[in-house]
Amino acid sequence: MPSPISPEIWPARDYSRVPYRLYHDAALYEEEQKKIFRGPVWFVLGFEAEVPNVGDYRATQIGDTPVVFSRNEDGTVRAFVNRCAHRGAEVVRYPSGNAKDFTCIYHAWCYKLDGDLVGVPFRRGANGAGGMPKEFNLKDHNLTKIRVRIWKGIVFGTYAAEGEVEDLETYLGPLMCEHVGDLMRKPIKILGYQRQRVAANWKLYHENIRDAYHGSLLHEFNRTFGMSRLTQVAGGYMDDKHRHSILFQYAGSDSDEVARAAYAENGVQRGDYMTLNDYGITRHFVENKLGISTRIISVFPNIFFHQIYNTLAMRQLRTLGPGEFELVWTLFGYEDDTPELTQHRLNQANMVGPAGLISMEDGEALEMVQRSTQPDTDKAGVVEMGGIGEIRSLDTRAQEVTIRGFWAYYSQLMGLEPAGAQR
């Protein structure tokens, strides 16, 4: 069913008003699956370090579609849709493992590691009867392949053929190549996984991750211990098309006295600040040449990287319908980390994930938005912090312009860009 939503839905051409209907419309959600998650984009499947050996595989999801990537016999990484060509059952049933081949449990159709069909039981029938027609050809029934590209140890994929999407480095642009490339500057090791389900529309998470304004207002932990404050040297930058973004922060660039006076003056901090018995979780060892203490990076459409002090992770967004999504957090460090540094990264990982000191608050906030906007989908939210009109990168976190940037690119991709819109 085509969505009745048209470019006229936007009350403002600079996306400073966001219609609530965009979070709830089921027909629009179906179009997003086609135009974005199966569209002319590069999405991230995982890390190459997750499949180091021949036969290693990981099951993942792009939009609503189940996908597997694996290490093939020739050492390359391949990816395919996890859906048997016979009756549509998921072929790979476990989240990860090692296999010699992939066999569907329903009728035992067997596929090679690269997704090629190699076996159909009783293809010639039984006792001289039945079987597949003589013109049946195995090569016509491989699993749906996804084009794969490895960059800095990250496994990217796309449904688009050559020429239908930019080459990967162009798609990422200089901003992402610099910052994601810096996070992947040396071999990584996987430290673990977390999963978090949020009862909210997937685009609300894109807004949240680009929302520089809320970081020290919703998250008291950030404000209290100076991990992210509006009084610090910080910014929110986007690539030229506004499809990717980074929020960054320099801890220690303000003073506790100035910051606490500002938050008290603005009516944010109304009680005593919390304290800790052990401040180890708030220690920061500068690791990058830029001295940035926090980087929250959004790579459109399904991946977010973070460096929050010394904890590192990739967050993969998986859609589960118009009103629900799942985040899969892959925590990582570097192969040459000392055991003490690895333990420090894991200790700081308690700030993120479904039970983290920061991330659980984001999940709760997004579910509140989803619930409260449902009854009035003809109304719209206000996105004016940082100014209206031109969409541009700013050297402050007291802004939401990066959110408007997301909607600008989203609208172009979805064919919902209003006439005369800001880009």
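Which residues lie nearest the centre of the second largest cavity? The legends below take this up in a predicted model, where local features need pLDDT of at least 70, side-chain atom pairs count only at pLDDT 80 or more, and totals for chains, interfaces and linings use all residues. Residues are numbered from 1 along each chain as its sequence is written, and side-chain values use heavy atoms, without hydrogens and water.

**View 1. The second largest cavity.** L45, E50, Q316, R318 and T330 lie nearest its centre, among 15 lining residues. Its volume is about 100 Å³. A cavity is a set of points on a 1 Å grid over the protein atoms alone where a 1.4 Å probe fits but cannot get out; lining residues have an atom within 4 Å of a point. Strands β2 (43–47), β3 (56–62), β17 (311–319) and β18 (325–334) each give at least two lining residues. Strands are DSSP E runs of at least two residues; helices are H or I runs of at least four.

**View 2. The largest cavity.** This cavity has a volume of about 250 Å³. It is lined by 19 residues, and H219, N222, I296, I358 and R397 are the closest to its centre. Elements α3 (202–210), β15 (294–299) and α7 (359–373) each give two or more residues to the lining.

**View 3. Helix α1 against helix α8.** Helices α1 (residues 26–37) and α8 (residues 401–414) pack at about 85°, axes 10 Å apart. That makes α1 roughly perpendicular to α8 (65 to 115 degrees). Axes are lines fitted to C-alpha atoms over the stretch in contact, with angles from 0 to 180 degrees between N-to-C directions. From α1, the contact (heavy atoms within 4.5 Å) takes in L28, E31, E32, K35 and I36; from α8, Y410, L413 and M414.

Definitions and conventions. Angles under 35 degrees count as roughly parallel, over 145 as roughly antiparallel, 65 to 115 as roughly perpendicular and the rest as oblique. On a 1 Å grid over the protein atoms alone, a cavity is a set of points where a 1.4 Å probe fits but cannot get out, and a pocket is an open set with protein on both sides within 12 Å along at least five of seven lines; lining residues have an atom within 4 Å of a point. Grid points are joined across faces, edges and corners, and a volume is the space filled by probe spheres set on the points.
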